[in-house]
Each structure stands twice: as C-alpha cells, then as structure tokens.
Amino acid sequence: MHPPAPAASVFSKDSRPLPCLLLLTSLLLLLLLHLLSSSSPTPSAPPDAPRRAPLPADADAASAGPAPPALAFLLTGSAGDAERLLRLLLATYHPRNLYLLLLDRAASASDRARLAREVRAGPGRAGNVHVVGDPGFANPRGASALAAALHGAALLLQVGQGWDWFLHLHAADYPLVAPDDLLHVLSYLPRDINFIQHTSYVGWKEARQIRPIIVDPGLYLSSRTDIFYATQKRELPSAYKLFTGSSSVILSRKFTEYCIAGTNNLPRTMLMYLTNMPLPHRKYFQTVLCNSPEFNRTVVNHDLHFSTWDESSSKKEPRLLSVADAENMSQSSVAFATGFTKDDPVLDHIDEEILQRQPGEPAPGGWCIGGAGDDSSPCSVSGSTDVLRPGPAAMKLAKLLAQKLAYPGFYSQQCIWD
C-alpha cells in the first residue's frame with residue numbers, strides 16, 4: 001500500500017492530480033509539436049551544414065516556449081579522473097548552469113590544482129564553475145561517498161541561488177543529449193519534480209547491503225582505507241520504510257534544501273541510520289523522499305541514465321560500455337549513460353554524432369554565436385543564454401518523459417510499499 005496521503009503539492013492526491021497531469025501532458029505535447037516543427041532542415045542550408053549552427057544573439061528562439069531552467073551539476077571523481085571530469089564538464093556545459101567539480105582526496109593535490117587551472121582557462125572564465133580544494137575521501141562502498149554528495153549539494157546551494165535541479169554525475173558518466181536538449185525539455189516540467197529510480201523490494205540486498213554493519217574509515221582517517229564489517233547484524237526499521245535504487249539522481253532544489261537544511265528531522269535520522277550501512281548513497285535520497293509526505297508524490301521512478309548489467313557477475317555493478325552499445329544507448333532516449341572508461345572510443349562517437357562537440361570545446365548550443373578572429377571555437381563568443389537549439393535527442397527524451405508522466409502510470413510507480 002501507499003504511505004499516508006501527503007500535504008497539498010503539485011502532484012499530491014489532495015490537489016486533484018488528474019487536472020495537474022492533464023496540464024503537464026498538454027505541456028509535453030506542446031513541446032513535441034514545437035520540436036517537430038523546428039526539426040525540419042532549413043531549405044537554404046547547404047547539405048554539409050552543421051546540425052547546430054551558431055545563432056545570432058537576438059534570435060527569436062529566446063522568447064519561444066517557457067523560460068529555461070538552470071541546473072546545478074556535481075561532478076565527482078577520484079585518483080586519475082581529472083581529465084575525465086574536464087571532459088564531462090565540457091560535454092554538459094551551458095552558461096546557465098552551475099558546476100562543482102570534486103576530486104576526492106585519493107587524487108593528488110597536483111591533479112586538483114591542474115584541474116582548477118584548466119577550468120579557469122576554459123569554461124570557468126564565466127564564473128559558474130568551481131573546484132573543491134580540500135575534499136575528503138569518498139569510498140564508493142561506504143558512507144563517505146554519500147557525505148561527498150551531500151557536501152557538494154550544500155556548496156551548490158551556498159554559491160548559487162537561482163538553479164532549479166541538482167544533478168550528481170560521476171567521472172564514469174557521460175551525456176546522451178546536448179545541454180540545449182536537456183534544458184529545453186526540462187523547461188516544460190514543474191520545478192519540484194524529482195527523478196529517482198527506487199524500489200522498496202530489497203530482495204538479496206537485505207542480507208548483503210542492509211543488515212550488515214560496516215565502518216567507513218574514510219569518515220575519520222586521513223588515508224584511504226577500505227570499509228570493514230562488524231560481526232553483528234542490524235534489524236530492519238519499523239518507524240519508516242527503506243527504499244533502494246540508483247545513485248544517479250536529479251533532485252529539485254526544494255528537496256535538496258530539505259535534505260541539507262530542512263527543519264524536519266527525517267533527513268538527519270536517515271543519515272545516522274545509513275552511516276554504517278554498505279552503499280548508503282543508493283538508499284538515502286530514495287528513503288528520505290518516499291517517507292516524506294511533502295515529497296513522495298513528486299518523484300518519477302527513473303534516473304534518466306542508461307546502464308547494462310552483467311547477470312553472470314557477482315559484483316552487482318553496471319558493466320562497462322563500448323561502441324557496441326551505441327545503438328542501444330540511442331534507442332533508450334535517456335539523458336545520460338554510466339559505465340564508461342577513460343577515453344573509450346564510444347565517447348568520441350557520442351561527441352561526434354550527438355553533441356557535435358570538438359575536442360577541448362564545450363558542446364555548442366544556441367548561446368554560441370561564433371569564433372573571435374582566427375579562433376575556430378564556435379563558442380568563444382557568447383550570446384543570450386535563453387536561446388536554446390534542441391536537436392533530435394530532445395524529441396526522444398520528451399517522448400520518454402511523456403510516457404513516464406502519463407496518468408495513471410505516473411502514480412502507480414511512486415514509492416510503493418511492497
């Protein structure tokens with residue numbers, strides 16, 4: 001059964017969900033019609049013209065449709081991930097957004113300093129990209145990974161006041177849509193919606209990830225040490241329901257603030273309960289959201305990530321992606337994929353075929369109005385950040401969201417208490 005009915009909100013049952021969802025569906029249909037009308041090629045364009053040609057600064061597209069949102073990206077990595085984070089930054093970059101790059105303490109101080117210099121010389125010149133200078137350790141199996149995510153979210157709330165969604169990406173992630181595509185589609189959605197893959201069915205995870213008690217030395221030691229297990233086992237809670245899912249989340253600003261600085265005690269209670277649990281970053285946001293009446297009707301049960309799993313492996317981790325997965329990634333219609341190795345050829349394929357991104361340059365968009373002088377970069381001169389040029393991937397993403405938000409399936413996938 002479902003948890004108790006929440007207080008009135010955009011998606012609560014008390015606030016007449018059907019009219020709200022009909023309005024939302026109408027907005028998505030309007031978005032699809034807009035994309036269909038704008039996707040036809042310009043008759044006068046030469047056959048070899050780029051699919052995302054620069055626009056003049058006064059283009060009419062700035063006034064078409066709802067105002068674009070702003071996104072806050074937390075990009076995290078560890079030792080050897082400096083180049084990967086810089087590439088991920090360029091692939092997701094848009095001047096409307098805010099970015100925080102975090103290399104944990106397993107990376108060298110020289111790597112962090114070099115990353116900061118390259119950021120300042122590139123996209124960071126606009127003042128919307130920041131690098132964490134003194135991070136802690138982030139063991140991917142312990143609570144220190146969740147602590148890093150919450151730390152990054154708190155910093156983004158502090159340095160940026162105008163963003164709408166918080167996105168946490170790892171160095172192994174990469175976008176499957178251009179920044180203009182993502183902003184354009186999200187501009188048609190309510191700003192309080194959350195994208196979190198979740199389930200209350202824990203199955204085999206109960207014995208391996210919930211009942212065991214672990215200690216993460218990354219929370220208190222100045223050197224990297226793996227987690228270790230206690231001999232005792234914990235009981236499942238009765239005061240709230242545990243949910244688990246993907247560590248990839250897209251959270252509304254309101255829910256992010258609730259987790260970081262909310263007056264309700266549930267986020268802190270869950271943080272204390274999960275501190276000594278394996279992989280808490282795959283349970284925290286799911287459990288807090290689904291046990292919060294204010295938010296448990298604002299969730300879409302999807303993380304907008306593509307991943308594949310090796311069923312024969314005992315690691316229970318997504319397998320690495322390659323060029324052989326390119327077609328499946330494209331057909332998935334999602335915004336991101338996870339499981340890439342450094343400089344894998346499939347990343348070059350995505351840059352060329354989807355993002356139209358040149359090496360060392362950000363993905364071009366409507367804000368790019370050309371190069372300056374002999375500079376061949378299409379984005380060395382910036383125009384209006386309200387101008388968006390969505391491509392074919394935006395239509396695929398819009399269709400996917402229209403399916404996920406369709407009534408009544410939208411509610412049937414939310415926070416089910418199995």
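Over the face of which residue does arginine 253 lie? Arginine 253 lies over the face of tryptophan 163, at 4.6 Å from the ring centre.

The model is predicted, with local features requiring pLDDT of at least 70 and side-chain atom pairs pLDDT 80 or more, while totals for chains, interfaces and linings use all residues. Residues are numbered from 1 along each chain as its sequence is written, and side-chain values use heavy atoms, without hydrogens and water.

**View 1. Arginines over aromatic rings.** Besides the arginine 253 example, arginine 234 is placed over the face of tyrosine 273, at 5.0 Å from the ring centre. A charge sits over a ring if NZ of Lys or CZ of Arg is within 6 Å of the ring centre and within 35 degrees of the ring normal.

**View 2. The pair of tyrosine 93 and tryptophan 367.** The ring centres of tyrosine 93 and tryptophan 367 are 5.9 Å apart with planes at 70°, so the pair is edge-to-face. Rings of Phe, Tyr and Trp (its six-membered ring) pair if their centres lie within 6.5 Å; planes under 30 degrees apart count as stacked, over 60 as edge-to-face and the rest as tilted. Tyrosine 93 is buried, at 4% relative accessible area, and tryptophan 367 is likewise buried at 4% (buried means under 20%, exposed over 50%, partly exposed in between, with a 1.4 Å probe and protein chains only). Phe73, Tyr93, Tyr99 and Trp367 form one aromatic cluster.

**View 3. The pair of phenylalanine 410 and tyrosine 411.** This edge-to-face aromatic pair has 5.3 Å between centres and 65° between planes. Phenylalanine 410 is buried at 2% relative accessible area, and tyrosine 411 is buried at 7%.
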